[in-house]
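Here are some notes to read alongside the structure. Please keep the viewer open while going through the points.

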Amino acid sequence: TLLFFLPLSPLKALKVPEFGKYTKELKKLIEESDHILLICHINPDGDAIGAMLAMRRWIISRGKEPAMISPNALQKFLLWMNDVDRVVDFHHNPAVGAELINNADLIIMVDFNTTSRMGKAEQLIINSTAKKVMIDHHPDPSAFADLVISDVSRSSTSELVYFLVNGMEGCEFNDSDFITAVYVGIITDTGNFEHGYYTGDTMRTVGHLLDRGVDKERVYNHIFSNFSPDRIRLKGFALHSRMVVHPELHTAYIWLTKEDLDRFHHVKGDTEGFANVLLTMNGIVLSVLFIERTGFVKMSLRSKGSFNANELSRKCFNGGGHRNAAGGEMKGTIHEVVNHFENTLPSFRKELEDAAEEMMK
């Protein structure tokens with residue numbers, strides 16, 4: 001297994017010898033492979049799909065036609081993107097997905113760092129004799145691929161793909177679908193720069209994308225201005241009737257039952273961004289969204305400043321993610337899981353207080 005960590009400055013990275021060696025290795029694997037498969041994580045977000053589509057565009061430019069798999073269905077707000085109709089939904093088409101995996105001689109996994117994020121495709125990928133590449137920006141990557149590309153300093157995997165492709169190309173890869181896919185990944189993983197991790201390098205990358213013709217209004221309208229009336233009503237209900245605030249612990253959360261979701265005709269993606277709204281309250285550094293499913297509850301955690309949502313998720317909910325954005329799940333009813341959270345939260349009081357104090361400086 002080869003493990004590379006990219007230099008901190010993406011614009012300078014193309015000139016750094018280690019980066020050149022790294023892109024040379026990836027390019028070699030792609031050029032030597034005849035049947036390339038791209039796969040993203042389960043419940044794919046804009047970054048997962050953006051990174052996958054962007055990588056596919058460059059591979060196509062090299063005269064190859066890579067296949068794409070998502071462990072389950074895509075969210076509606078992503079269906080407008082070019083070539084997204086070529087993504088095979090493994091959950092609904094397991095035979096087709098299995099055939100693609102079995103035929104692959106190179107599998108490129110994007111935007112996840114552990115095999116469990118591949119859903120029902122996991123075991124087939126593990127058993128595959130194909131060479132495997134992992135491209136991701138989450139912390140603590142598992143070494144389950146032949147080539148592990150991990151850079152936690154990036155806002156998104158799509159931003160990482162942008163520099164990988166330009167490194168392999170030797171110059172700017174000026175393909176409109178590639179540029180749009182990268183832009184989608186960056187703005188979704190940062191909530192249009194309202195949360196998440198991004199730096200001046202990220203903004204310079206966005207500047208490059210805009211200079212090369214990204215239609216930012218079109219992308220924004222598809223992603224952030226494309227909600228149904230039911231989704232707006234669900235958000236209002238959640239904030240009015242399902243929001244709990246603990247000002248002394250600088251925490252707020254929303255809990256939604258299956259009945260709540262059914263009442264507002266919930267579809268996949270409707271609760272996206274709910275947790276971020278709570279962070280706009282004065283003094284709140286941790287927000288959590290609890291969503292009840294059959295037999296378990298999913299959590300989305302967001303935080304501000306130094307508070308490590310990733311650590312809380314790992315310790316309490318078998319989850320993980322970034323310092324300020326994490327997820328997890330736990331078996332049980334919504335009330336059992338929320339009670340577990342309520343009982344656990346005081347043990348993080350000092351970290352919450354410290355983060356809140358830092359934010360007020």
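The points below cover a sheet, the helices packed on it, a helix pair and some aromatic contacts in this predicted model.

1. Start with the sheet. It is open, has 6 strands in the order β8-β9-β10-β11-β13-β12, and its pairing is mixed. The edge strands are β8 (243–246) and β12 (320–321), each of which pairs on one side only. Strands of a sheet pair through backbone hydrogen bonds, either parallel or antiparallel.

2. Look next at β11 (residues 296–303) and β13 (residues 325–331). These strands run antiparallel and are joined by 7 bridges. To locate one of the partners, find F296: its bridge partner in β13 is K331.

3. Helix α13 (residues 309–317) lies across β10 (286–292), β11, β12 and β13, and it runs at about 10 degrees to β13. Helix α6 (residues 157–169) packs against helix α7 (residues 176–189) at an angle of about 145 degrees, and their axes are 8 Å apart. On the α6 side the contact is made by S158, E159, V161, Y162 and V165, and on the α7 side by F178, A181, V182, G185 and I186. Sorted by class, this contact has 7 nonpolar, 2 polar and 1 charged residues.

4. The structure holds 13 aromatic pairs. In one of them, Y220 and F224, the ring centres are 5.1 Å apart and the planes are at 45 degrees, so the pair is tilted. Y220 and F224 are 4 residues apart in helix α9 (residues 216–224), which means that about one helical turn separates them. Y220 is partly exposed, at 35% relative accessible area, and F224 is partly exposed too, at 22%.

5. How are the rings of F290 and F341 arranged? They form an edge-to-face pair, with 5.3 Å from centre to centre and 65 degrees between the planes. The pair links distant parts of the chain, since F290 is in strand β10 and F341 in helix α14 (residues 334–344), 51 residues apart. F290 counts as buried because its relative accessibility is 0%, and F341 counts as buried at 1%.

6. R231 lies over the face of F227, at 3.7 Å from the ring centre. R242 lies over the face of W255, at 4.2 Å from the ring centre.

Note on methods:
Residues are numbered from 1 along each chain as its sequence is written. This is a predicted model: local features need pLDDT of at least 70, side-chain atom pairs count only at pLDDT 80 or more; totals for chains, interfaces and linings use all residues. Side-chain values use heavy atoms; hydrogens and water are left out. Two strands pair if DSSP finds at least two bridges between them. Helices (H or I, at least four residues) and strands (E, at least two) are DSSP runs, numbered from the N terminus. Contact means heavy atoms within 4.5 Å. Axes are lines fitted to C-alpha atoms, for helices over the stretch in contact, and angles run from 0 to 180 degrees between N-to-C directions. Ala, Val, Leu, Ile, Met, Phe, Trp, Tyr, Cys and Pro count as nonpolar, Asp, Glu, Lys and Arg as charged, and the others, Gly among them, as polar. Rings of Phe, Tyr and Trp (its six-membered ring) pair if their centres lie within 6.5 Å; planes under 30 degrees apart count as stacked, over 60 as edge-to-face and the rest as tilted. Buried means under 20% relative accessible area, exposed over 50%, partly exposed in between (1.4 Å probe, protein chains only). A charge sits over a ring if NZ of Lys or CZ of Arg is within 6 Å of the ring centre and within 35 degrees of the ring normal.
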